Amino acid sequence: MPAHTLTAGEARRVALAAQGFGGSREGPVSRRQLTQLVDRLGVIQIDSVNVVSRTHYLPAYSRLGAYPREMLEDIAWSKKRPLFEYWAHEASLLPLSSQPLFRWRMTDALEGVGAWKGIARFLRERRDFVDRALDEIATRGPMSASELELGAKGAGGWWGWSEGKRAVEGLFWTGELTTATRRGTFERVYDVPHRVLPKAVVATPTPPRDEAQRQLIRIAARAMGVATMRDLRDYFRMGLEDTRARVGELVEAGSLLPVTVKGWAEPAFLDPTARRPRKIEATALLSPFDNLIWFRERTERIFGVRYRIEIYVPAEKRQHGYYVLPFLEGDAITARVDLKADRKAGALLVQASHAEPWANDQTPVRLAAELKQMAGWLGLETVRVEPKGDLAGTLAKVA
């Protein structure tokens, strides 16, 4: 039986502290601070949607405040980068130290284990073609899929990708290629790992599958503070049986502490090093793909907010908007705003704004201040609040 019990409020504050909220967002942000934050989170999800800002720029802004976005590009894609790209929680940026921990997943992709069957089949059936693509990049240097000009456009399946795109993406998932950089409209440029990754990383021995997975679960636990089995599994998208086995081993070793959280239906596990603050002082707009809220089940359990991304919902059926950012105030989500950066007009558009039932009179004031700060960070001059949503009238008066 769990030896510890946490209230729902304690668990929420543990989770926020573990995610890096509650610190200062004033003053300049250094490259070291940014790198340390990614190390702390373990992973940053990448997404190409640029309605406000591409999602990978937002988690650091939410926690550290206004920083030059070029700094993230530098640590992600420069020659002396401390990060690399791989499929961890969707497409992701990760600390270089994690690269050996994902080699078991690369092997699974090559061998067609589980969800990787389709990729492995294509790589196997079209191996001559795939080898041509690999040889082209190895010989000529970094290339995008469009530069390969191999194969014909496909229909259906992998989003209608050309065979060249299928080849390089398959090689990326198996670890035979990696991301050299991103260019233009966020197009991935591929290269062979030994020209991109540091020699020390390439030479690091591959850990056994179970040990790599234990380390990934430990990273996830530190990043979340307190988590259920499903939370731990989702962080790096691990299999159910693997997660159960690794969590059991970590509990036995004392690296995870079983706890009961009041109001949570499932058992939870606490990182032994997790901070337990009595209060969290934070105001932040959260990307729809922020680590704190990307697992919607956990978001609802911790914050009492049912949050869904409605990009793919027909406009007339959307409840809150197209690209909605929740507003974190203290240790609660008190509002949500549908934002759009109108770069031509120099305005941050609040296309809809809604309050949660527990929002108070200070919520619109603090939200307006956060919107103004975000507008400045994005290089926009004004905030414009559209008359949609139950918070719009009050927010427009103070924005």
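Which backbone oxygen does the side chain of N291 reach? Hi everyone, let's start there: it is the backbone oxygen of V43, at 2.8 Å.

A quick note on the model. It is predicted, so local features need pLDDT of at least 70 and side-chain atom pairs 80 or more, while totals for chains, interfaces and linings use all residues. Residues are numbered from 1 along each chain, and side-chain values use heavy atoms, leaving out hydrogens and water.

Back to N291. You'll find N291 in the loop between strand 11 (283-285) and helix 15 (296-303); helices (H or I, at least four residues) and strands (E, at least two) are DSSP runs, numbered from the N terminus. N291 is buried, with a relative accessible area of 4%, where buried means under 20%, using a 1.4 Å probe and protein chains only. The N291 side chain also makes a polar contact with the side chain of Y235, at 3.0 Å. A polar contact is a pair of N or O atoms within 3.5 Å; within protein, one must be able to donate a hydrogen and the other to accept it, and residues adjacent in sequence count only if both atoms are side-chain atoms.

Now, some strands. Strand 1 (residues 4-6) runs parallel to strand 9 (residues 257-261), joined by 3 bridges, and strands pair if DSSP finds at least two bridges between them. Look for T5 opposite T260. Strand 9 also pairs with strand 10 (residues 268-270), this time antiparallel, over 3 bridges. There, L257 has L270 as its bridge partner. Strands 9 and 10 form a hairpin with 6 residues between them, and G263 in the turn has a positive phi of about 95°.

Definitions and conventions
Buried means under 20% relative accessible area, exposed over 50%, partly exposed in between (1.4 Å probe, protein chains only).
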